[in-house]
Amino acid sequence: MYIKRVNLNNYRNYKALDIELGEGINIFYGQNAQGKTNIIESVYMASTGKSHRTQKDSELINWNSEDARIKIDFQKENDEKSIDIYMSRNIKKRIKLNGVRLSKIGELIGNLNTVIFSPDHMKIIKEGPVERRRFMDIILSQVKPGYYYNLVQYLKVLEQRNNLLFEARNNSNILGTMDIWNEQLADFGTKIIMTRNYFVNKICNIAADTHEKISNGKEILKLKYNSSIEYQANSERDIKKSFINALEKSISIDIKRGATHKGPHREDILFFINDKEVKTYSSQGQQRTALLSLKISELKYMEEETEELPILLLDDVFSELDNERQKYLVNFIKNIQTVITCTDVEYLEKLNINDSRVFKVIGGTIVKE
Ligand SMILES: Nc1ncnc2c1ncn2[C@@H]1O[C@H](COP(=O)(O)OP(=O)(O)OP(=O)(O)O)[C@@H](O)[C@H]1O
Ligand SMILES: [Mg+2]
């Protein structure tokens, strides 16, 4: 899979942009605040229907304009495809795939697959579980049909269950309907837990391999899915049963706090280097290496699941890595369509990145070099 053309109208600081990308490495360089990340963001929008920086689509529209458009043409296997996103200040965004209007974001996700990596993603390693759940959910929505749907349904049921818990404080009679919500929550939730578990086991092996190589065999990286539910067998039936039991057991604390305490919305991935938890014990450099290993394993996992390489978006990543890791990454991206942003191209030239297309970004315009 590769992107052929990026076409932007009134998107962020781009009035009108029409560029052709190369099948290999595409480098966008320029000073700060010129529009490099905006390019990556527009591709990410076409991939997931959302920006990686903001929830508000209105921020993406050029300040002096009422509407904006992103059009991405790409090749997937033997088919030429296009994604077209139209945003306006007054209406919901409209998304088209090959000219046909989509009714839900779920229909877009999984068409143009991307892996995004910026220094900001250190949050996945360093911060709370929200970032790690988001990490899993974005990948799995792209590669596992039905995952995104289950997640959206799960969150809807969760909200309804939480409302009921809240009301039950004043009127315990309504708890009679709780069984129905528990059943539905466990139904969608079990599917999510199983898919995440499978995913973490898979990338654990790939990430461990990668990490071992980057650290010259000194470090063993392990990942573990930390479920909020204890279950015996790894079967849908068993997990669902344990899930319902856990919900029933925690009902009084749930009512007291007006929130559901068990389920995928409370779960996490744990990272260990040589059996010590990374968040607590690893150095800054070890954490960066763990993130690099994780991102590489994300890409390999997506390739394995879809039998196609996703597009790699590297925003300001190279300047943060030391020479060894830069070399590792350059070697890794050789056959992958990659979009790189940086402020300085000189060190990239030293890394012998051949066959790349270089674009200079100046204040929302692009000059091909
Ligand atoms: N809705 C908008 N309309 C017009 N300009 C915008 C809009 N949103 C952001 N910008 C401008 O886009 C520029 C930022 O673009 P971007 O984040 O792509 O910069 P960058 O080249 O990646 O910079 P850095 O090297 O600092 O990361 C800023 O100058 C900002 O003012
Ligand atoms: Mg930037």
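Tutor: Two strands pair if DSSP finds at least two bridges between them; strands (E, at least two residues) and helices (H or I, at least four) are DSSP runs, numbered from the N terminus. This is a predicted model, in which local features need pLDDT of at least 70 and side-chain atom pairs pLDDT 80 or more, while totals for chains, interfaces and linings use all residues. Residues are numbered from 1 along each chain as its sequence is written, chains are lettered from A and ligands numbered from 1 in the order written, and side-chain values use heavy atoms, without hydrogens or water.

Strand β10 covers residues 268-273 and is joined to β11 by 2 bridges, the two strands running antiparallel. Phe 272 has Glu 277, in β11, as its bridge partner.

Between β9 and α6 (236-249) comes a loop, and Ser 228 is found in it. Leaving out residues up to four places away in sequence, Ser 228 touches Lys 262, Gly 263 and Glu 267 (contact means heavy atoms within 4.5 Å). With Gly 263 there is also a polar approach: a polar atom of the Ser 228 side chain lies 2.8 Å from the backbone nitrogen of Gly 263. His 261 is 33 residues from Ser 228 in sequence, and their C-alpha atoms are 8.4 Å apart.

To place this part in the whole, turn to the domains. The domain assignment, automatic or from a database, gives domain 1 (1-113 + 309-369) and domain 2 (121-307). Taken over C-alpha atoms, the centres of domain 1 and domain 2 are 29 Å apart. In the contact between them, 19 residues of domain 1 meet 17 residues of domain 2. Domain 1 and domain 2 bury about 1,700 Å² between them, 66% of it on carbon and sulfur atoms (accessible area, 1.4 Å probe, that two parts lose on being put together, summed over both). Arg 325, Tyr 328 and Phe 332 lose the most area on the domain 1 side, together 32% of what that side buries.

Charged pairs are the last point. Side chains of opposite charge can pair when their charged atoms come close. Across the interface of domain 1 and domain 2 there is 1 salt bridge (a side-chain nitrogen of Lys or Arg within 4 Å of a carboxyl oxygen of Asp or Glu). Arg 288 and Glu 320 form a salt bridge, with 3.3 Å between the closest N and O atoms. The whole structure holds 23 salt bridges. One of them joins Glu 80 and Lys 4 at 2.9 Å, N to O. That pair links distant parts of the chain, 76 residues apart, with Glu 80 in strand β5 (residues 79-88) and Lys 4 in strand β1 (residues 2-11).

Methods. Polar contact = N/O pair within 3.5 Å; in protein donor to acceptor, adjacent residues only side chain to side chain.
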